[in-house]
Amino acid sequence: RLDGICGLDTTYMPIKRYRQKGKTVAMCEFTSHSAIPVQFMFNLYYLDWLPETDCIDVIRHEYAHAAAALLFGPASLRGSGHGPLWSTAGRLLIPIT
């Protein structure tokens, strides 16, 4: 559904699930030399106890990183990837439930 809304194809990106205390809740991993997203990573240690609505928000948040990179290129990664281009991509995803 997210790809359809953004007009993107992220089906090539694997979804890695792991369980580790003290690590981030989730992340969108990129190649080391460009803004090409390569995989989504979700930490079940935290997601297992979050309410479903919060888990959906985490998925949208990480998808917004991938979408921003694919739509706007490397500039979207400035500011730890939470800048205006990431916000623009994220706003595309707000109506999804």
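Predicted model: local features only at pLDDT ≥ 70, side-chain atom pairs only at ≥ 80, totals over all residues.

Visitor: What makes the lining of the largest pocket nonpolar, polar or charged by class?
Guide: The lining has 9 nonpolar, 2 polar and 1 charged residues. Among the residues that line this pocket are Leu2, Asp3, Thr10, Thr11, Phe40, Phe42 and Tyr63. Asp counts as charged, and Asp3 is one of the lining residues. The space in the largest pocket is about 230 Å³.

Visitor: Which elements give two or more residues to that lining?
Guide: They are helix H1 (2-6), strand E3 (37-43), helix H2 (44-47) and helix H3 (52-72).

Visitor: Why is the pair of phenylalanine 40 and phenylalanine 42 called stacked?
Guide: The centres of the two rings are 6.4 Å apart, and rings pair if their centres lie within 6.5 Å. The planes stand at 25°, and an angle under 30 degrees counts as stacked. The pair is therefore stacked. Both phenylalanine 40 and phenylalanine 42 are buried. Ring pairs also link Phe40, Phe42 and Tyr63 into a cluster, and the count of aromatic pairs comes to 3.

Visitor: What makes the pair of tyrosine 45 and tyrosine 46 edge-to-face?
Guide: The centre-to-centre distance is 5.0 Å, which lies within the 6.5 Å limit for a pair. The angle between the planes is 85°, and planes over 60 degrees apart count as edge-to-face. The pair of tyrosine 45 and tyrosine 46 is accordingly edge-to-face.

Visitor: How do you know whether tyrosine 45 is buried or partly exposed?
Guide: Tyrosine 45 has a relative accessible area of 33%.

Visitor: How do you know whether tyrosine 46 counts as buried or exposed?
Guide: Tyrosine 46 has 18% relative accessibility. Buried means under 20%, so tyrosine 46 counts as buried.

Visitor: Why is asparagine 43 called buried?
Guide: Asparagine 43, in strand E3, has a relative accessible area of 0%. The limit for buried is under 20%, and asparagine 43 is therefore buried. The side chain of asparagine 43 reaches the backbone nitrogen of tyrosine 45 at 2.9 Å. Leaving out residues up to four places away in sequence, asparagine 43 touches Tyr18, Arg19, Gln20, Lys23, Thr24 and Val25.

Visitor: What makes the approach of histidine 65 to histidine 82 a polar contact?
Guide: The two side chains make this contact at 3.3 Å, and a polar contact requires N or O atoms within 3.5 Å. Histidine 65 is placed in helix H3. With a relative accessible area of 9%, histidine 65 is buried. Beyond four places in sequence, the residues that histidine 65 touches include Cys28, Phe30 and Trp86.

Visitor: Why is glycine 73 called buried?
Guide: The relative accessible area of glycine 73 is 17%, and buried means under 20%; glycine 73 is therefore buried. Glycine 73 belongs to the loop between H3 and helix H4 (84-92). Glycine 73 and alanine 35 are 38 residues apart in sequence and 6.0 Å apart in space, C-alpha to C-alpha.

Visitor: How do you know whether aspartate 57 is buried or partly exposed?
Guide: Aspartate 57, found in helix H3, has a relative accessible area of 41%. This value lies between the limits of 20% and 50%, so aspartate 57 is partly exposed.

Notes: Residues numbered from 1 in each chain as written. Heavy atoms only, no water. 1 Å grid on protein atoms, 1.4 Å probe; cavity = no way out; pocket = protein on both sides within 12 Å on 5 of 7 lines; lining within 4 Å. Points joined across faces, edges and corners; volume = space filled by probe spheres on them. Helix = DSSP H or I, 4+ residues; strand = E, 2+ residues; numbered from the N terminus. Buried < 20%, exposed > 50% of the residue type's maximum accessible area, 1.4 Å probe, protein only. Polar contact = N/O pair within 3.5 Å; in protein donor to acceptor, adjacent residues only side chain to side chain. Contact = heavy atoms within 4.5 Å. Phe/Tyr/Trp six-rings, centres within 6.5 Å; stacked < 30°, edge-to-face > 60°.
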